[in-house]
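Reader: I have just opened this model and would like to learn how to read it. Could you walk me through it step by step?

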Amino acid sequence: MYTEEELKHGITTQVFGRKLFIYNSIDSTNACAKTFANKGAEEGTVVITDYQTAGRGRFGRIWLAEPGSSLLFSIIIQPTFSTDKIGLLPFFATTGIALAVETVTGMQCECKWPNDILINKKKCCGILLESTSHQNKLDYAIIGIGLNVNQRNFIGELEGKATSLSNECGIKLDRRNVFCKIMSSLESYYTEVSKGNFDTVLMEWKSRATIFGKRITLTQAADVIDGVAIDLAPDGGLIVETETCQRVFHAGDVTVVKQ
Ligand code: BTN
C-alpha cells in the first residue's frame, strides 16, 4: 500500500494530489470523493485506494481490479466553465493520462471515444466522470480513474479485451511513479482547459484516436446505431454518418466494424 510520504515525495504539482486521502480498501473512490466534495473539499483533492469493493464503471457497470495491482483514484475538480463544457472534460483527462502512460511505458496509447485508453487494441484505463451542477454552473466534477498497471490476468468477459501496462511493456511498474506522472500531466492540461483552451487537448486526443473515417457500431442501451465516425462535435459528442443523416451522440459504446 502507498504511504502519504511516498506519494507526496514524487508529486511536483501545485494543486492536483496536494491533498490526499489514502485507503487500503474502500467501496468506491468516486463515491468517497463525492462525499468530500459535498463537504467542501478543495480542488485537486485525491482519494486513492488499493482495492475497491464496489468500484463503479460507466453505465452502472462494476469496475474490478485485483488488490495492489492497479491505480484506483478520484480527483475533485471545480471548473469555472458552464455546464455545456462538461462533455469536454473526459478529453482532458484521457489525453493527460495517455501522455503520462506513454512517458512511463514508451508505448503508444489509443484514445477510444469517449474516455477509454487502449494499448495494442486492449483497454488499460477507464475513466468515470461524475458531476454536480446547478443553474448552468458546475459545482464540482469527480474524475475517477482506473488504470491497470501491474495486473497479470483478465478473466471472463475481460479476457482478450483488457490489459495492463506491465502486460504490454513487459516490466512491472512502480505505481507511485505512474501516479505522480499522471498528476503532473493532468494538472497541466487542466490549466489549459481552465483558460478555455480546449483546442489543443482535442487535437491531441484526436491524434490518438483511430475511429474517424471507419465504419462503427454505437451501442446505447438497447439501441445499436451503424454508421461512419466522422469527427468530434465542438461539445465532445461523436458525429456519425448513418444511412439517412448525420447524428451527434453523447454517450455509448463504440466498436469498429471489421471489414
Ligand atoms: C469505465 O467504465 O470504463 C470507467 C471505469 C472507472 C473506474 C474508476 S476506478 C476509480 C474510480 N472509482 C470508481 O468507483 N470508479 C472509478
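**Loops, pockets and a ligand**

Author: Gladly! Keep in mind that the model is a predicted one.

Reader: What is the value of phi at Asn 136?

Author: Here is the general idea before the case. Most residues other than glycine have a negative phi, and most peptide bonds are trans. In this model, phi of Asn 136 is near 60 degrees, a positive value in a residue other than glycine. Asn 120 also has a positive phi, near 50 degrees. The loop that holds Asn 120 is the one between strand 5 and strand 6.

Reader: And which peptide bond is cis?

Author: Look at the bond from Trp 113 to Pro 114, which is cis with omega near -5 degrees. You will find Pro 114 in the loop between strand 4 and strand 5.

Reader: Which elements supply at least two residues each to the lining of the largest pocket?

Author: Helix 2 does, and so do strand 3, strand 4, strand 5, strand 6, strand 7 and strand 12. Sorted by class, the lining of the largest pocket has 17 nonpolar, 14 polar and 14 charged residues.

Reader: What is the volume of the second largest pocket, and which residues lie nearest its centre?

Author: Its volume is about 320 Å³. The second largest pocket has 20 lining residues, and Arg 58, Pro 90, Pro 114, Asn 115 and His 250 lie nearest its centre. By class, the lining of the second largest pocket has eleven nonpolar, six polar and three charged residues.

Reader: Where does the ligand sit?

Author: The ligand sits in the largest pocket. Helix 2 (29–38), strand 3 (70–77), strand 6 (122–134) and strand 7 (137–148) are the elements that give two or more residues to the shell around the ligand. The largest share, four residues, comes from strand 6.

Reader: Which residues come nearest to the ligand?

Author: There are 20 residues around the ligand, and Ser 28, Gln 52, Arg 56, Arg 58 and Lys 123 come nearest. Lys 123 is also one of the residues closest to the centre of the largest pocket, while Arg 58 is among those nearest the centre of the second largest pocket. By class, the shell has six nonpolar, ten polar and four charged residues.

Reader: How do I read the individual contacts with the ligand?

Author: Look at which atoms pair up and at the distance between them. An N or O atom in the side chain of Ser 28 is 2.7 Å from an oxygen atom of the ligand. For Gln 52, a side-chain N or O atom is 2.9 Å from a nitrogen atom of the ligand. With Asn 30 the backbone takes part: one of its N or O atoms lies 3.5 Å from a ligand nitrogen atom.

Reader: How much of the ligand does the protein cover?

Author: On its own, the ligand has 420 Å² of accessible area, and the protein covers 98% of it.

Technical notes:
Residues numbered from 1 in each chain as written. Predicted model: local features only at pLDDT ≥ 70, side-chain atom pairs only at ≥ 80, totals over all residues. Heavy atoms only, no water. Near = heavy atom within 4 Å. Polar contact = N/O pair within 3.5 Å; in protein donor to acceptor, adjacent residues only side chain to side chain. Areas by Shrake-Rupley, 256 points an atom, 1.4 Å probe, with all protein chains shown as cover. 1 Å grid on protein atoms, 1.4 Å probe; cavity = no way out; pocket = protein on both sides within 12 Å on 5 of 7 lines; lining within 4 Å. Sits in = over half its atoms within 2 Å of the grid points. Nonpolar A, V, L, I, M, F, W, Y, C, P; charged D, E, K, R; others polar. Points joined across faces, edges and corners; volume = space filled by probe spheres on them.
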